[in-house]
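Okay, everyone, thanks for coming. Let me put the structure up, and then we'll walk through a few spots together.

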Amino acid sequence: AEDYQFESFMRDITMIRGDSMAFNFQLQGLAGAEVIDIKFTCKEHYDDEIPYFTKSLTSGGITVQSYDETKDITTYCCRVSPEDTENLDLARFYYDLELTVGLDVITLMKGRITIEYDVTN
């Protein structure tokens, strides 16, 4: 296993049901590493088998925005589409952002995602 210097952190997210949401994140030190996938997953309960939605580097929803070769920093964007949340209840759900690199699985971020009401239809 490689010696990656990533630290998981907790962050709660609030978004409006049926709206788009996007956020960028950066990873440093992956030059030459075999990034298998990055997944952002939302579930009602953290141990549910089936997620409400998953965004992924390999199957869509997470994209590479830029790479700074001199600093070895890759910037990614995760985008949640309106259809991902338009039928969800107004409630709090669990999510995590997970990196698979080589044989390692690393949770980068986790917490609760709150889906709030929208006023404009």
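Predicted model: local features only at pLDDT ≥ 70, side-chain atom pairs only at ≥ 80, totals over all residues.

Residues are numbered from 1 along each chain as its sequence is written, and side-chain values use heavy atoms, with hydrogens and water left out.

Now, which strands make up the sheet, and in what order? It's an open sheet of three strands, ordered E3-E7-E6, with antiparallel pairing. Strands here are DSSP runs of E with at least two residues, helices are runs of H or I with at least four, and both are numbered from the N terminus. Two strands pair if DSSP finds at least two bridges between them. E3 (21–28) and E6 (62–68) are the edge strands with a single partner each, so one side of each has no neighbour in the sheet. From one strand to the next, the twist averages 20°, using axes that are lines fitted to C-alpha atoms, with angles running from 0 to 180 degrees between N-to-C directions.

As for the pairings, eight bridges join E3 to E7 (residues 73–80), and six join E6 to E7. The hairpin of E6 and E7 has four residues between the strands, and there Asp-72 takes a positive phi near 55°.

Staying in E7, look at Thr-74. Is Thr-74 buried or exposed? Its relative accessibility is 9%, so it counts as buried; the cut-offs are under 20% for buried, over 50% for exposed and partly exposed in between, with a 1.4 Å probe and protein chains only. Leaving out residues up to four places away in sequence, Thr-74 touches Phe-25, Gln-26, Leu-27, Val-64, Ser-66 and Tyr-67, where contact means heavy atoms within 4.5 Å.

For a contrast, Val-119 sits in the segment after strand E9 (104–116). At 69% relative accessibility, Val-119 counts as exposed.

Last stop: the structure holds one salt bridge, meaning a side-chain nitrogen of Lys or Arg within 4 Å of a carboxyl oxygen of Asp or Glu. The partners are Lys-55 and Asp-84, at 2.8 Å, N to O. They link distant parts of the chain, 29 residues apart, with Lys-55 in strand E5 (residues 53–56) and Asp-84 in helix H1 (residues 82–85). Both Lys-55 and Asp-84 are buried.
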